[in-house]
Amino acid sequence: MFPRLPLSGEPTTLEVLPRLGRCCRGALGQKSWRSFLEILDLRHFSSADLRPLLDDETQLWARLLSWDYSGSAEMILRYVDAKILPGYAAVDRGRVFGYSFFVYEGNKGVIGDLYVTNGTRLPDARQVELRLLTHVIETLQQSPGIHRVEAQLLAHDANAVSRPFLDTGFQRHPRLFMVLTLGKSATEKIPTHPEVEIRPWAEADYQPSAAVITAAYRGHVDAQINDQYHTLSGSLRFLNNIVRFPGCGVFDAESSFVALDRRAKSLIGLILCSRVRHDVGHVTQVCVLPEYRSRRIGESLMAATASSLRRRNFSLLSLTVTEANARAVDLYRRLNFDTKRIFDAFVWEG
């Protein structure tokens with residue numbers, strides 16, 4: 001759920017880094033705090049400094065989201081050691097107990113993560129989160145050439161950390177984290193379409209899938225949240241990140257499908273699924289061309305994915321959906337998905 005980090009040896013979006021290095025020292029004003037909080041450039045630290053914090057965060061994701069965050073945590077730690085991950089760390093008496101990082105994608109900045117552990121001797125975690133975000137937002141908005149900033153904080157409740165965003169001109173979009181418990185068999189009959197073929201995803205589907213995504217999200221609320229949907233090249237980057245890199249779980253080709261118009265022999269919809277735990281799938285994309293909606297094709301794609309996961313003894317399927325996308329929310333509720341969390345997406349246009 002955070003932006004993919006580049007692999008070693010490939011071109012990196014992190015090459016142009018802001019002028020960081022400022023540090024803010026001082027107590028946060030609560031009389032009970034006897035230590036001083038420092039907010040420091042993340043690149044001052046190594047994986048050894050952050051590993052206990054990332055281990056705590058991995059446990060949080062497992063508890064809240066049934067998500068194995070360990071792969072993402074290891075990727076973050078590699079880039080911390082490479083000193084190319086921009087962000088800030090919260091430090092108390094030499095111990096890192098919070099961090100937030102971001103990446104650059106052209107003229108856009110994406111806030112990748114925010115986490116603060118909460119222990120008995122530590123300052124109030126929420127106040128530290130707000131300070132970290134304030135530093136990150138200020139850095140991004142003042143970075144030359146950055147005209148857009150995006151953030152989705154899946155592990156934070158809606159409105160919990162919204163103040164720094166809203167105070168600096170961000171738009172807030174509430175989103176739902178929904179889950180479906182996978183039993184041994186489907187409780188509803190899968191809709192069939194004589195004119196539509198549902199088949200497994202293939203490598204050759206990249207270009208036509210990108211075209212479907214671009215068309216499906218034209219004028220859609222989700223295109224306000226993710227500007228990659230605006231263009232064919234952006235949709236191709238989105239697909240590449242989902243399919244080839246583990247930023248949002250490990251792509252699961254067996255539970256990913258496309259819908260084809262038999263007569264026109266063209267791709268009209270798709271669903272992509274990743275493994276976020278050995279027995280948990282997560283829908284990373286599902287869409288259908290506007291002219292083919294209201295035919296239950298999206299429902300058929302969801303059913304194909306759920307059926308594939310059931311056959312392999314997966315226990316859970318999750319997804320995220322923007323609250324304002326009432327049509328999709330209604331579909332998922334009809335398919336017995338339950339809302340487990342409400343979180344926020346934030347967007348700033350400079």
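How many helices and strands does the protein have? There are nine helices and 14 strands, and the model you are looking at is a predicted one. Of the 350 residues in the protein, 57% are buried.

**The protein as a whole**

- The protein exposes about 15700 Å², and carbon and sulfur atoms supply 50% of that area.
- Take the contacts between residues at least 6 apart in sequence: 74% of them join residues at least 24 apart.

**Helix α7**

- Helix α7 covers residues 232-244, which makes 13 residues.
- The buried residues of α7 are G234, S235, F238, L239, I242 and V243.
- Looking down the axis of α7, you will find these buried residues within an arc of 160°, so they line one face of the helix.
- Among the elements covering the buried residues of α7 are α5 (206-216) and the strands β9 (250-251), β11 (266-277) and β12 (280-288).

- Strand β10 runs through residues 257-261, and five of its five residues are buried.
- In a regular strand, side chains alternate between the two faces of the sheet.
- In β10 both faces are covered, with F257, A259 and D261 buried on one side and V258 and L260 buried on the other.
- Strand β8 (residues 196-200) runs antiparallel to β10, and five bridges join the two.

**Strand β14 and its partners**

- Strand β14 (residues 338-349) is joined by five bridges to strand β6 (residues 148-152), and the two run antiparallel.
- Within the pairing of β6 and β14, A151 stands opposite F346.
- Strand β7 (residues 171-181) is also antiparallel to β14, and nine bridges join them.
- To find your way along β14 from another position, look for D338, which stands opposite V179.

Technical notes. Residues numbered from 1 in each chain as written. Predicted model: local features only at pLDDT ≥ 70, side-chain atom pairs only at ≥ 80, totals over all residues. Heavy atoms only, no water. Helix = DSSP H or I, 4+ residues; strand = E, 2+ residues; numbered from the N terminus. Expected span 1.5 Å × (residues − 1). Buried < 20%, exposed > 50% of the residue type's maximum accessible area, 1.4 Å probe, protein only. Arc of directions from axis to C-beta. Contact = heavy atoms within 4.5 Å. Pairing = 2+ DSSP bridges. Areas by Shrake-Rupley, 256 points an atom, 1.4 Å probe, with all protein chains shown as cover.
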